Amino acid sequence: NRPINKKLNNTLDCHHERALPYFKSCEYKKAHLELIKSININEIEAKIAYLKKTTNWKIKNLLVNCYAKQSNQVEAINMWNNILKGNVDSYEPYYDYAEYLSLVNQNKDALAVLLKGINSVTETDNLLELGCRIVNNDKDLEEVAMEWTNEALRQHPDSKFIKEHNGIVK
């Protein structure tokens, strides 16, 4: 039983590793195809206990970023919502999803995703910094900006980025 599990894990990692260079070189369709192979293997073998949840969400998060880069907004949003329903142990999918929502001018939804992430993971500095950037670049969020940046500064008083953004609000 052990060799099969190791073989499957290597196959998943192999597809993930093959997809990364495509993604970085903006060849999103090729990255997408590699990730689909990985996810199909993952879904078929989902009942194998050894398969770590982190491998699953990391692969899906890279795939959803491919969807987003290809302007497939509906698929991207649905998939991010699906990822965040699981047990995510990293700020990355929250950050990526919120950043994407901000890019498509859904800043209030982006802040909601960031808040969910801040309440779900231990590494919050990147989430709070992105929130600072969002609130300071959206005139509709002026009322929230002071509260957001003050809380960010309270939680991460040594962050130069947060200090700068807190100064923008005042």
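A residue is called buried when its relative accessible area is under 20%, exposed when that area is over 50%, and partly exposed in between, with a 1.4 Å probe and protein chains only. The model is predicted, so local features need pLDDT of at least 70 and side-chain atom pairs count only at pLDDT 80 or more, whereas totals for chains, interfaces and linings use all residues. Residues are numbered from 1 along each chain as its sequence is written, and side-chain values use heavy atoms, with hydrogens and water left out.

The aromatic rings come first. Rings of Phe, Tyr and Trp (its six-membered ring) pair if their centres lie within 6.5 Å, and planes under 30 degrees apart count as stacked, over 60 as edge-to-face and the rest as tilted. Three such aromatic pairs occur in the structure. In one of them, the rings of tryptophan 80 and tyrosine 100 have centres 5.4 Å apart and planes at 40 degrees, so this pair is tilted. Tryptophan 80 lies in helix 4 (residues 73-85) and tyrosine 100 in helix 5 (residues 92-103), 20 residues apart, so that the pair links distant parts of the chain. Both tryptophan 80 and tyrosine 100 are buried. The rings of tyrosine 91 and tyrosine 95, with centres 6.3 Å apart and planes at 90 degrees, form an edge-to-face pair, and tyrosine 91 and tyrosine 95 are both buried. Ring pairs also join Trp80, Tyr97 and Tyr100 into a cluster.

Helices here are DSSP runs (H or I, at least four residues), numbered from the N terminus. Nine of the 12 residues of helix 7 are buried, so helix 7 is largely enclosed by the rest of the structure; among them are Leu127, Cys132 and Asn136.

Terms used: Helices (H or I, at least four residues) and strands (E, at least two) are DSSP runs, numbered from the N terminus.
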